[in-house]
Every structure is written in structure tokens, then in C-alpha cells.
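Hi there,

Here is the structure I promised to pass on. Have a look at it first, and then read on for what turned up.

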Amino acid sequence: MNIFRLVADLMHLASIFILLLKIQKTRSCAGISFKTQLLYAIVFVTRYLDLFTTWISLYNTIMKIFFIASSIYILYLMKYKFRATYDPILDTFRIEFLLGGSVILALIFNYDFIPMEILWSFSIFLESVAILPQLFMLSRTGEAETITTHYIFALGGYRALYLCNWLWRYIFDGHVEVYAWIAGVIQTALYSDFFYIYYTKVLHGKKFELPQGVV
């Protein structure tokens, strides 16, 4: 494992802990997109089905279990425990198009036309756009709590670092994941405006607010 993947995994873990801290500390899931969390749960479940068939390492197994369990737990918190604090009126992105598009791409672009490989490709394509409902919700409110922006930044940073991980593996191992590269570039690009505002405002102690005319 290279340093980029290790730091990326740590940032991914951090994003989940930050989100759980935000929900538990404020006892609210305001500003969080349930649809994005649902998409991530689908991503982890479909990607890590090999948990029951393939052993890679203890680290790998623990991470897979954690991501599946934590994503389901977050859905539980939003759907039941803190349901009253969730505003579906703001969370209106049509995820059917994301799911349908990912299914079509997975059926066309995969390394082998078998269920496990198709599901893996599906998870890769879906993850690249899973943040869209959250960003759309952010554009509707025009602002966000600082801790919520930290969560989104950590999530975006994890994907950006995975691009470095894939580049490292290509240079030193000759390993290429074409579909993962393409999906990773798309996903990182979706964060570009958010990264800019995060850097110019949040990191300078200001409240995260979108420029007038963006909302």
C-alpha cells in the first residue's frame, strides 16, 4: 500500500466520523442529503460483495465492513432517530437518473460480463456522481454549517488522493484501472467549485456561503 492510498483511506474514514459527529453532536441531520447517503450505501454494498468470497487482508476486510455498516447506520439515523430534522423539500435531486445511468454504463463498460464485475463497475460509476444530491442541496440552501463543509471536503479529498494512488500504481506497478480513473476524474471535477469556496472562505474562518447568483 502506498502513502496516497493510506492517506486517502484515512480521509474517507475521517469524512464518515465527521458526519457522525455532526449528527450526534447537533442531534440533527439538517443540511445532509439522505439521497447522497443512500447512494453511498448502495455503492459500498455492491462493491464489497466479494467480502464473502475473497480474502485479501485483515485491513481490507475491516475497512469493507466498516464502510457498509457505517453507511447503513447513517441511513438509520436520518430515517428514524433524527427524521424530524431532515427536510426532504430541499433534497429533491432525481437519483433515478444516476442509478439508471450507472447501470447502463456498468453493462457496457466492465472487465468481464459476470455479476460481480458488473456490480463493481456499477459501484465505481455510481460513486463518481453520488455527491450530486448533496451539492444540489447545498446550492438550494446557499450555505452550510462548517462541520458539514469539513465532511464534504474530506470526502472530496479522499477521491482526489485516490487519483494519485492510481497514478502511483501505474508508474511503479504497471497497474491500470481505466474505469476507476475516468470515474475518479469526474468525481473530483464535481468538487472543484466547492474546493475553491472551502479554501477561500472556510479555511479563512468565514462561513461557507455560495456567491450570489449561484443558488
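Below are my notes, taken one region at a time.

Please keep in mind that this is a predicted model.

The largest pocket has a volume of about 880 Å³. It is lined by 31 residues, and Arg5, Arg47, Tyr48, Asn60 and Trp120 are the closest to its centre. Two or more lining residues come from each of α1 (3-26), α2, α3 (58-81), α5 and α7. Of these helices, α7 gives the largest share of the pocket lining, with 6 residues.

About 90 Å³ of space lies in the largest cavity. Which elements supply at least two residues each to its lining? They are α1, α2, α3 and α7. Here the largest share, 4 residues, belongs to α1. Among the residues that line the cavity are His12, Ser15, Gln37, Tyr40, Ser70, Ser71 and Tyr151, together with Ile16, Leu19, Phe44, Ile74 and Leu155.

Next, helix α8. This helix runs over residues 178-190, and at 1.5 Å a residue its 13 residues should span 18 Å; the end C-alpha atoms are 19 Å apart, which agrees. The buried residues of α8 are Tyr179, Ala180, Ala183, Gly184, Gln187 and Thr188. Why do they fall on the same side of α8? Because they cover an arc of only 155° around the axis. The cover over these buried residues includes α2 (34-47), α5 (115-129), α7 (146-173) and α9 (192-200).

Helix α9 can be read in a similar way. Its buried residues are Phe194, Ile197 and Tyr198. These cover an arc of only 105° around the axis, which puts them on the same side of α9. Tyr196 and Tyr199, on the other side of α9, are exposed. What covers the buried residues of α9 includes α6, α7 and β2 (208-209).

Leu138 sits in helix α6, which spans residues 132-141. Is Leu138 buried or exposed? Its relative accessible area is 6%, so Leu138 is buried, the cut-off being under 20%. Leaving aside neighbours within four places in sequence, Leu138 is in contact with Glu143, Ala144, Ile152, Phe194, Phe208 and Leu210. Phe194 in that list is also one of the buried residues of α9.

Finally, the annotation. An unreviewed UniProt entry places the feature "transmembrane region" at residues 55-76, 97-114, 120-139, 151-172 and 178-199. How does the model look over two of these stretches? Over residues 55-76 the chain is 86% helix and 0% strand, with the end C-alpha atoms 29 Å apart. Over residues 120-139 the chain is 90% helix and 0% strand, and here the end C-alpha atoms are 30 Å apart. Leu138, in α6, falls within the annotated stretch 120-139.

Best wishes

Notes:
Residues numbered from 1 in each chain as written. Predicted model: local features only at pLDDT ≥ 70, side-chain atom pairs only at ≥ 80, totals over all residues. Heavy atoms only, no water. Expected span 1.5 Å × (residues − 1). Buried < 20%, exposed > 50% of the residue type's maximum accessible area, 1.4 Å probe, protein only. Arc of directions from axis to C-beta. Contact = heavy atoms within 4.5 Å. UniProt positions renumbered as here; feature names shortened; annotations may be inferred. 1 Å grid on protein atoms, 1.4 Å probe; cavity = no way out; pocket = protein on both sides within 12 Å on 5 of 7 lines; lining within 4 Å. Points joined across faces, edges and corners; volume = space filled by probe spheres on them.
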